[in-house]
Amino acid sequence: MMRWLNALLSRPRVVIAVATLVSALAALTIVLNREDGGPLLRVDASFEALIPGESEEGRVMDRLEQFFGASEPLLAIVHAEPLFAAETLRAIADAHDQIAQLPGVANVTSLASAPNLLFNEPDDPTLDVGSVTQQLARNPEQLARVRNSAARNPMLAGVLFNADTDTAAFVITPEEGAAEGGGTELDMVALAQRISEILSDTEGLEQPAVTGNALISAATSDAVWTGLIRTLPVAVVLVVALLALSFRSTLVVVLGSMSIGVSLLVMWAVGAVADLSLNMVTAIAPPVVVAFGIMFSIHMVSEWLRHSVGEDTRLARRAVGAVAVPLLLNGLTTSIGLAALGLSPLPAVREFALLTVTGVVSLTILSVSYLPALLLLMGSHIGQQKLPGEGIAAKAARWLATFDIRWRRHLVVLGAVVVVIGLIMAQRVEPGSAYVENFADNAPVRMDYNRINQQLGGAATISVLLETPLDHVLLDPGVATAVDDFVQWARSQPEIGAVASYVDHVKVLNAAMQPEVDGALVYPDSARLARQLVNFGGTDAVRGLIDPRQRHARLTIRITVDHSSRIRDLAKRMERQLNALPPALQASVTGTPVMAAYTVDRIVDRQWLSVGAALVAIFLVLLALFLSMRAALIAMLPNLLPVSVYFGLLGITGIGLNPATSLVACLVIGVAVDDTIHFLARFNAEARARGSEGAAVSHALRTILRPVTLTTAALCLSFGVFALSPLSSHTEFGLLAALALFVAWLTDIFITPALGSMVRIVTLWDLLRVDLGQSPQYTVPLLTGLSNRQARLFALTARYETVPAGTDIMREGEVSADICVVVDGQLEVWVTRNGQRKVLNCLFRGATLGEAGYFGQKRTATVTAKGETRILRFDANDLERLRRRHPRIAALVLRNLNRIQAERLAHATAMLR
Amino acid sequence: MAWVICAVAPAAFTAETAAPDASAAAVAEAPPATAAGAEATAETVMSCMRANVPQQLRLRELVVRTEEADGDVRTLRARMYVMREEGRAMVTMHVESPSEVRGTSYLWRELETRDETFVFIPELNRVRRVIGSGADSGVMDSEFSMRDLQQVQGSFSSGVQHYLGEGTVEGRNVWKMRFEPGEAEPTSYTHVLADVDQMRCVTLRADFVDEKGVVKHFSAQAESLTESDGIAYARHVRMDNRRSGRKSFAEITQLEAPDDLPRRIFLPNAFYLGR
């Protein structure tokens, strides 16, 4: 890998040219992939973006749209007091006509158009099929009769007006396809605006409100876009300010930003190729990638300035070499965490995973290639100033090291307790997402929605799709009565405001044809009569409720709840109730809110799967990195803590696990482990070099505290700015992510050092760096029978020292328990006798010395390096650690040690003879 | 809603004044209804069209096939009787199939100031006079409505007709007409654009236009132009609803122009007995 880095750093201009080319290609891809004349960034915040394409619920929804059309109506209301007055109804008719004339409107249903079939008196041979407004216009003196008949008509009362609140409704069906596609959402907003204006301008009508899925989607798209253009620049500005403050170099900030810019372009291009749009979840991706970009830049620039590289390619190689492996590991673990989100049932979350993994991978590559190349080329302008805050970091590191080591057991126990409490509280985590409540209280879209909810009874629509295998079965009296029983039950549910059913229409037709029959509306007692009535009544009035063959029907249900958990509970209850329908009838609860609720419901199961997958994958990385199960587990512990705190917070606060908040856990796992790796790797190197855990903790903290704190601050700031988003789910995401990352930082400066000081860790790159010369198992008797890897592991458990010429490795008469093995070089063994130095022996590669000390004897001779010599030094503690961690290697080493001892004893015995 | 009834190809209301026994081919080759070389005007075209409407008409079988936007197709069969009296039409229709609705009957009468509709539901054995809707609604839940069929012939009760010029449809010369309803006309259309066959004064194409554009498109299959009892008509016509995507096809067989239709067929208390 170093060869690659050397090659890259020796050709910085080529690296920059390649990065520029990639940027240009990415930009070209984005432009070529956009729709004709469409925007470069497409926003699609509809419910559908959050719903899986392939699922049983999706198939039911498809069938519903196939039978009854895909156009989702707008619902408008007005207040007029009194509602049933000639002037008011004339105003409603005027408004109806004006709305019907609006471009994009396919159909309007209101008191001015829906037939009021119950107007006639029992003895009247005439059937008036006019609307309420038409009937009143024809019979101005019959106001009470019009009002009473409308109130008795279930196709009108509660559906098109609410007499209790003096509210009239207009159901506006847009032309097919008007709500689909990118630009038409704006058309729907404009249409709603025109409707609202018409209603406002119509004398006698007050307080208009308009809602509908398309409008909410449009408002969400608007909020997503507003959120993005609000959070992204603020995040960039804040982090740039942080960078500038940290490095006091504008150029560094600019160069760091350039690599982030290239990554954003690449991410955007991949999104364009995959035909992704910005939705409530994917809109979070750009600020997240910016935050990660800042993190990577801080690590690289810190190392660059620490090495005072300037324009020195040699120093540049050293700086990049020091940080490249940790950065690549950062990229790997962060990508793993984000990729685990690909297991989510929500397409939007999977798209987020694709975008952010793309961004992080490109950031990782650019951070070790493009950014160093830029820094190297501009080296003369960067300067070599001392990094601000290093003194404070050093002082803090010393204090933290003392504190952590002194209280390490307490800290570890505290961490474990927090993890346990968090996991217990996590049992209370519920899935939950609100669509309209996502907006601020004073957002027009929410205010209108709430007003319609309160005044009409239900602003969102769900459906029950009824399917039968044969034509006309739905008109059978037995089947229709069972359906009607369900409708009556549904009307009694607190979450349901109104139900429209074809059964009501047939009952009304039946009553209209037989006005002399008193009492409640009843369904015809023969299927033949029902068919004749429907044939006479036509299907226009019930086109959205039953198909012309009477095989499929839709019960349209207006609900008053918005939260996914309440919608899910209602849907489950409805499904249980629908089980009572005749077997010939297949009934399914469907509708976009229901699908979204079920999908959000699955977030919890899949969340554990994603988190589990991320933890396992990262554990495997740590296992490969530290070459020890125990070390990997220890490195995992600090990362469980912020995640358990996050889930515990969800459980305590009642914040639902929704598409946005479901991102936090995997994201934090991926990020938190980076700092742990940084610390443990550094601690390991320091511990090996210094032989003191306290000093190692202090030095490791001193090295990593500043960059880790800076990166945490950058990430927390970046995520914190989501508080500025108009969507509450984004705010929750940002604040929870910032909080979890802050906890991760606390863990890494308190718990990780405490844990790390309890164990010495060997890392993969330590292993790769160990040079034991050619075939150590054949040339070093102590390592006989070991593989290269095992020999290196043993070497890393011991202390690897390079000794200058003339250094005494052992002194005669001193008490020491170390054993040494010569890796290369030459040692001289000598004693002083009668004031004279007597050389006893010369030792070369493979020699083992000092065993006497190991068995409690004083040193019998002095050993001095004749030239620069490399040795492995170990003692009983090292062997014990080796026995615990790598028992197979320990057994071989001890066997070899015994063999060496035995041979030496035999040799000594032979000499005595 | 299909409060009313009756679907008959507009061509069925037209009559050729010449060559009563001509074949379809002969019809296509027949001379124009207006004098050769004479400049057509709105009046001459309308006069030609109105002169073609028979006083009495019987359709022994009318098949209306309606295709929903999703491709679902339903077919209804009916018999229909038409009588013109003092320039006003009366139409009775008896539904023959499907069997469950067989016997359902409709009577539509054009009165001096308004229309009226009667419906007979056999299962209830009762007649109801229907007001408040009527001629605007599709016949037998099809896209053909009585008013559309009137308007396609330029038969607005009031209003003006404009002659727009000449053109061709399926190789046949047509007059291009624009029919505009009077202010009091109970229609949602602003105007109808029609292509009237110059040979037979039969409307071959018509667009029903409201303020937002074309709502429905009527077309008669020129190849199906035929004659019976001296009446020229298109056997196959269709109406496309451009807004809903629905389309209806009507096939007329056994069209007759009897000299004397029983008057009871058009009486509210007896129309349903005629079947």
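**Close-up views of the interface between chain A and chain B**

**View 1. Polar contacts across the interface of chain A and chain B.** Across this interface, 19 residue pairs are in polar contact, both partners having pLDDT of 80 or more. The structure shown is a predicted model. On the side of chain A that touches chain B, at least two residues each are supplied by α3 (56–68), β3 (126–128), α5 (132–138), α19 (502–513) and α20 (527–537) of chain A. The largest share, eight residues, comes from α20(A). By residue class, the side of chain A that touches chain B comprises 18 nonpolar, 13 polar and 10 charged residues.

View 2. Contacts link 41 residues of chain A with 33 residues of chain B. The area buried between the two chains is about 3300 Å², and carbon and sulfur atoms give 52% of that area. In chain A, the residues losing the most area to chain B are Q532(A), N535(A) and F536(A), which together account for 20% of what that side buries.

**View 3. Salt bridge between R528(A) and E123(B).** Two salt bridges are found across the interface of chain A and chain B. One of them joins R528(A) to E123(B); the closest N and O atoms of this pair are 3.4 Å apart.

**View 4. Strand pairing between β3(A) and β6(B).** Strand β6 of chain B, residues 126–131, pairs with β3(A) in the parallel sense. Three bridges connect β3(A) and β6(B). At L127(A), the bridge partner in β6(B) is V130(B).

Terms used. Residues numbered from 1 in each chain as written. Chains lettered and ligands numbered in written order. Predicted model: local features only at pLDDT ≥ 70, side-chain atom pairs only at ≥ 80, totals over all residues. Heavy atoms only, no water. Contact = heavy atoms within 4.5 Å. Buried area = accessible area lost by both parts, 1.4 Å probe. Salt bridge = Lys/Arg side-chain N within 4 Å of Asp/Glu carboxyl O. Polar contact = N/O pair within 3.5 Å; in protein donor to acceptor, adjacent residues only side chain to side chain. Helix = DSSP H or I, 4+ residues; strand = E, 2+ residues; numbered from the N terminus. Nonpolar A, V, L, I, M, F, W, Y, C, P; charged D, E, K, R; others polar. Pairing = 2+ DSSP bridges.
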